[in-house]
Structures are given as structure tokens and as C-alpha cells.
Amino acid sequence: MNNDIVLNTLRFIGLLLLQFFVMDQILFLGYINPMVYILFIVLYPMSNKRWTLLFLSFALGIIIDTYQDTGGAHAAAAVTLTYVRPFLLKLVFGESYLMRNVKVMESSLDRIALIIGLSIVVHHLVYYSLIIFNVVQVLEILKLTLVVGIATFFVSFVLTVLFSKKASL
Amino acid sequence: MQNIINFLIKYRNLLLYLFLMILSVAFTVQSHSHHRNMFIHSTGNLTSSMLKSRSDVYSYFHLSERNKVLQRENAVLRMQLLAAGDTLLGEETTRIFLDTVPYRIMPARVIKNDFHKRDNYITIDIGTNQGIKNDMGVIAANGIVGLIDKAGPKYARVISVLNSNMSLNAQIKGTSTIGSLVWTGKDPYVMNLIDVPRLAKVKKGDTIITGLQSTSFPPDIMIGTVKKVALIDTGSRYDIEVKLFNDLTDLGYVNVIKMRDERARKRVDTLIVGDE
């Protein structure tokens, strides 16, 4: 339990710094910045209380909103992802994921890919809907979700596999 | 009572989620309107010093380009100075730098620059301590950049012209035709000049400059060239695509313009009496 707190604190700070110093400077093709910080929410221990993660993801989002001047779009997207996470986990790991004490980092590659992919869809959809904030530009929202989503997926997946304890490929 | 407490306990996650969601959506909605973004902004001390240290690292990658831009700007300024020196006599050349100049220019470094969002903001490293106030104009070597949107003590946020809330007064050079310059949110090199009447004489390649109506910019600051002209609204108005002179995706240093007569002009413009 104590180990979990240390690990997650490090992950929170580490991902925030990674996002700030590296990811937000990539600007691939002029506008694609992977939003790698959502890994914190994806990889958070499943058995922990949901409301702690709600607060943590809100804090994470607001910090990113502060320096990106996006109002509260990151926070809204992160909080929404946290709220739907149990449903996504149920979808990927089956009904009894809580009993079996599943850990995302220690599961198989296809499941890691699936849970990251689903989380990205939820997060990016909410984020870009709030950023563009115009129903007429649905196509733009979907396009950005897809294109930036692929970039986020690529970076997040590589990072997760790199740090996963099961070094199996 | 018991029921209410049970209900609260049962749905605590949902309620917490809704609360946080409403809070962040409120912040977002607020951020979509100019000058109302009060809480979440990048001019605080901690955020700005983080942005500054990031910019310190990344600025090394662009040193040679920045040098070239500064050299070119210096050359242009030197030419203007020589031209001005020609028309002035003796001692008067030095007076150019006295208090009588209508505009003061303050240099600043860009520590954060966005151009890939719909509402873009730039953060610069000078603030109210250096005399920065809201609504001052910001220009770079080749033309306009934006307006000061929120000035903190040491840092200030600039609302970039690449922002859906921005609308600037602009003029076609050589004529007195004016229009509003807006950004559609697609291309960071192109803006649109709208509300230009049908009778205006405009053609491809014309230069667009800042208009006389602006209280933030001096007149005749370069904006861009006309790229495409199209009649809209059944031919009653023009929609003109303007290619910007400034590369807003690559900003190193900018200049903030302080107008000497700003208050007087605003007072005349709005005819507010007893303001002071």
C-alpha cells in the first residue's frame, strides 16, 4: 500500500514533467502533441477509492490547463475518463477484475493496448469538444481526436511496455 | 433525512464527478471569452517560472534563426533611422528619443507560444512591474502579434491574433477601406479580413496594415498581403484572405507598444465624462 503511494506520486510528477518539457514541445506536423499524462489515470491501482482518483485527475488536469491556457478542458476530460474508467476496465478485463486484483502493467499486451485506446477515445473526445466548443465543427473534433489519439496511443503504449514488469514481447 | 444521507453516500462518486465536471466546464466556458478568464491562466509566478525554464532550454535550439531575424530587423531600423536623419537638422536627431514620442516600445521574450489550438495565448516575461497594462499592442519583427490580455506582476499573457475571440481593426494600404481581421482557426499563416464593403477597391497582393481606429496599435503596422478575394452574402461584402507577414509559429522576441495618448483617445472615443 505504501509502495503504491510512492509509485503513484512519482508517476504523477514524472508524467507531468514529461508532458511539460517534452510532449508539449513536439508539435509533430505543426499541431500534434501527445497527451501522455492520461497514463496516470489508466495505470492507477484499480482497488483504490474512486473519489481519490477523481480529485487527483482534476488536480492533474488543472495544472496542465494552467500552463496551456485552456481554461478547464484538460481537467474536464481527465475527470470524465476517471469516472468511466470502471466501465472500460470491466469491458477489457471482465466483470471480476476487482476480485482478481488485476494490474494493467502486468497484463497482456493486447489488453494494455485496448484499455489505453479506449481511454484515449473518451479523453480526447471530451477534450476537443470543449476546446473547439462548436457543434458545427464535429468533423474537426473527430479528426483531432483520431490524429492526436494515434500519437498519444503510440507514445503511451511504448512507455507502458517499456516500464512494465513483465519484460515479454 | 436518513434517506438523503444514504443517497449522498450511494452516489458520492457521481456527485463528486458532476461537481468537478461542472467546475472545469465553467472554467472552459469562461476561457472562451476575452478578458473573463480569471482563475486558470499562465501568468502566475510558479507556472511562469516553469514556462521560463522550459523556454530557456528550448531557446538554444533556435539561436541562429533568432539572430538572423534580429539582424534583419536591425538593418530595417537602421535604414529607417537614416531616412529620418536625412529630414532632421543637427541636434534634433537626438530628440527622437525624448518623451515626445507618441509610442514607447518595450522588448519582451516569449516564454510560451501556442498556435495549434483555436484560442491561442502567448506568455511573455514582462508584466505590470515594467509598466505593462491590459490591451497594449504586441508586435514582432514583421508585424502584429496580439494584445495584452492579462498582466501579472512579472509576466503577462498575450491574446494572439490566432484566437477566435480576436477581432482587429485593419486597413488596406493606400486606401481608407477598413475591415475586421479575424482568424478562422485553421491555418496559422492566414487570417480573414471581413466586413469590407463591395465598393472597396481590393486586389490580390495588396498590403494590409493596422487602421487608425485602433487604440492599441499605431497606424501602418504591417499585417500581411491579400491572398484571395471573394464576395460573400450575395455579393454585398468581401471576405479577404490575408497571408500574414509574421510567422507566428516561430516567435522569439516581441515588442509591447505603449501609447502616450491612449487614455485621452479612449475618452474621446467613448465620450465617458468624469472618468478621472
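Residues are numbered from 1 along each chain as its sequence is written, and chains are lettered from A, with ligands numbered from 1, in the order in which they are written. Because the model is predicted, local features need pLDDT of at least 70 and side-chain atom pairs count only at pLDDT 80 or more, while totals for chains, interfaces and linings use all residues; side-chain values use heavy atoms, with hydrogens and water left out.

The secondary structure of chain A consists of six helices and zero strands, in the order α-α-α-α-α-α from the N terminus; helices (H or I, at least four residues) and strands (E, at least two) are DSSP runs, numbered from the N terminus. Of the 169 residues of chain A, 53% count as buried, where buried means under 20% relative accessible area, exposed over 50%, and partly exposed in between (1.4 Å probe, protein chains only). Chain B comprises six helices and 12 strands, and 41% of its 276 residues count as buried. Among the contacts in chain B between residues at least 6 apart in sequence, 60% join residues at least 24 apart.

The largest nonpolar core has 62 residues, and those with the most contacts inside it are A:Phe40, A:Phe93 and A:Ile115; such a core is a set of buried Ala, Val, Leu, Ile, Met, Phe, Trp, Tyr and Cys residues joined through side-chain atoms within 4.5 Å. At least two residues of this core are supplied by each of α1 (2-21), α2 (39-43), α3 (50-68), α4 (73-93), α5 (109-132) and α6 (138-163) of chain A, together with α2 (12-31) of chain B. The largest share, 12 residues, comes from α4(A). Leaving aside residues up to four places away in sequence, A:Ile115 touches A:Val42, A:Leu88, A:Leu89, A:Val92 and A:Val104. A second, separate core of 47 residues includes B:Ile148, B:Leu162, B:Ala200 and B:Leu251.

A:Ser156 lies in helix α6 of chain A and counts as buried because its relative accessibility is 0%; beyond residues up to four places away in sequence, A:Ser156 touches A:Val36, A:Leu39 and A:Ile116. A:Thr70 is placed in the loop between α3 and α4 of chain A and, with a relative accessible area of 3%, is buried. The side chains of A:Thr70 and A:Asp65 are joined by a polar contact of 2.5 Å, a term that denotes a pair of N or O atoms within 3.5 Å, of which, within protein, one must be able to donate a hydrogen and the other to accept it, residues adjacent in sequence counting only if both atoms are side-chain atoms. Residues up to four places away in sequence aside, A:Thr70 touches A:Asp65, A:Tyr127 and A:Ile131, and also B:Thr28, B:Ser31 and B:Lys117 of chain B.

The contact between the chains takes 37 residues from chain A and 33 residues from chain B. Chain A and chain B bury about 3100 Å² between them, 67% of it on carbon and sulfur atoms, buried area being the accessible area (1.4 Å probe) that two parts lose on being put together, summed over both. On the side of chain A, A:Phe20, A:Asp69 and A:Tyr83 lose the most area to chain B, together 19% of what that side buries.

In chain B, a closed barrel of six strands runs β1-β2-β5-β4-β3-β12 with antiparallel pairing, two strands being taken to pair if DSSP finds at least two bridges between them. Neighbouring strands of this sheet are turned by 45° against each other on average, direction ignored. Helix α3 (residues 45-59) of chain B packs on the sheet, touching β1 (103-113) and β2 of chain B, and its direction makes about 80° with that of β1(B); axes are lines fitted to C-alpha atoms, for helices over the stretch in contact, and angles run from 0 to 180 degrees between N-to-C directions.

Strand β5(B) is mostly covered, eight of its eight residues being buried. Strand β2 (residues 119-124) of chain B pairs with β5 (residues 156-163) in the antiparallel sense over five bridges; B:Ile124 stands opposite B:Ala156, and B:Asp119 has B:Asn163 as its bridge partner. Five bridges likewise join β4 (residues 143-151) of chain B to β5(B), the two running antiparallel, with B:Ile148 opposite B:Val158. A hairpin through four residues joins β4(B) to β5(B).

Terms used: Contact = heavy atoms within 4.5 Å.
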